[in-house]
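Trainee: I would like to go through the labels used for this model and ask what each one rests on. Where shall we begin?

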Amino acid sequence: MEFDSEADAKNFYDEYARQEGFIVRIDKCHRSEIDNRIISRRLTCNKEGFHVRGKNDKVNPYRKPRVSIREGCEAMMMVKVNKCGKWVVTKFVKEHSHPLMGSGVRSYRTTVSFPFFNSSH
């Protein structure tokens with residue numbers, strides 16, 4: 001598959017994720033050494049990987065520790081810009097290591113509204 005832009009690729013994967021029942025996380029990218037523009041992007045399931053506490057992470061005694069939602073899922077789509085400027089899917093992993101939420105799920109990003117983004121202000 002090929003897309004005109006990185007945003008088009010992300011929109012496609014977002015819609016695919018919504019239909020399948022998972023949420024997309026924008027993961028790693030690679031940048032050009034010449035002009036620093038993004039030349040590849042990895043979009044993953046939000047349950048990709050595992051949360052690892054870093055040595056500099058401090059435990060706050062006033063806050064409850066958050067439960068990690070990561071389960072090591074490997075589902076992802078990798079896109080890369082080609083010589084013609086099109087974004088091409090170079091790797092796609094469909095299988096998830098966890099149950100999906102069902103068809104047509106809405107992510108928190110599309111269901112939460114923020115009043116300060118209202119155009120009437």
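Mentor: Begin with F22: its relative accessibility is 3%, and the cut-off for buried is under 20%, so F22 counts as buried. Bear in mind that the model is predicted.

Trainee: What makes Y13 count as buried?

Mentor: The value for Y13 is 0% relative accessibility, which is under the 20% limit, so Y13 is buried.

Trainee: Why is the pair of Y13 and F22 called edge-to-face?

Mentor: Their ring centres are 5.8 Å apart, and a pair needs centres within 6.5 Å. The planes make an angle of 65 degrees; over 60 counts as edge-to-face, so that is the label for Y13 and F22.

Trainee: And why is the pair of Y13 and Y16 called stacked?

Mentor: The centres of Y13 and Y16 lie 5.9 Å apart, with 25 degrees between the planes. Planes under 30 degrees apart count as stacked, so the label applies. Y13 and Y16 are both buried. They are three residues apart in helix α1, which means a separation of about one helical turn.

Trainee: Which residues do the ring pairs link into a cluster?

Mentor: The cluster consists of Y13, Y16, F22 and F92. By the ring-centre rule, the count of aromatic pairs is six.

Trainee: How do you know that the length of α1 agrees with its number of residues?

Mentor: Helix α1 covers residues 6-20, which is 15 residues, and at 1.5 Å a residue it should span 21 Å. The C-alpha atoms at its ends are 21 Å apart, so the two values agree.

Trainee: What places the buried residues of α1 on the same side?

Mentor: The buried residues of α1 are A9, Y13, Y16 and A17. Around the helix axis they cover an arc of only 100 degrees, so they share one side of α1. Their cover includes β1 (2-3), β2 (24-31), β3 (38-45), β4 (76-81) and β5 (87-93). Just after α1 comes G21, with a positive phi of about 105 degrees.

Trainee: Why do β1 and β2 count as edge strands?

Mentor: The open sheet has five strands in the order β1-β5-β4-β3-β2, with antiparallel pairing. β1 and β2 each have a single partner strand, so one side of each lacks a neighbour in the sheet.

Trainee: What makes β1 and β5 a pair?

Mentor: Pairing requires at least two bridges, and β1 and β5 have two, in the antiparallel sense. F3 stands opposite W87 in β5.

Trainee: How do you know that β2 and β3 pair?

Mentor: Six bridges join these antiparallel strands, and at least two are needed, so they pair. R31 has I38 in β3 as its bridge partner. The two strands form a hairpin with six residues between them.

Definitions and conventions. Residues are numbered from 1 along each chain as its sequence is written. This is a predicted model: local features need pLDDT of at least 70, side-chain atom pairs count only at pLDDT 80 or more; totals for chains, interfaces and linings use all residues. Side-chain values use heavy atoms; hydrogens and water are left out. Helices (H or I, at least four residues) and strands (E, at least two) are DSSP runs, numbered from the N terminus. The expected span of a helix is 1.5 Å times one less than its number of residues. Buried means under 20% relative accessible area, exposed over 50%, partly exposed in between (1.4 Å probe, protein chains only). The arc is that of the directions from the helix axis to the C-beta atoms. Contact means heavy atoms within 4.5 Å.
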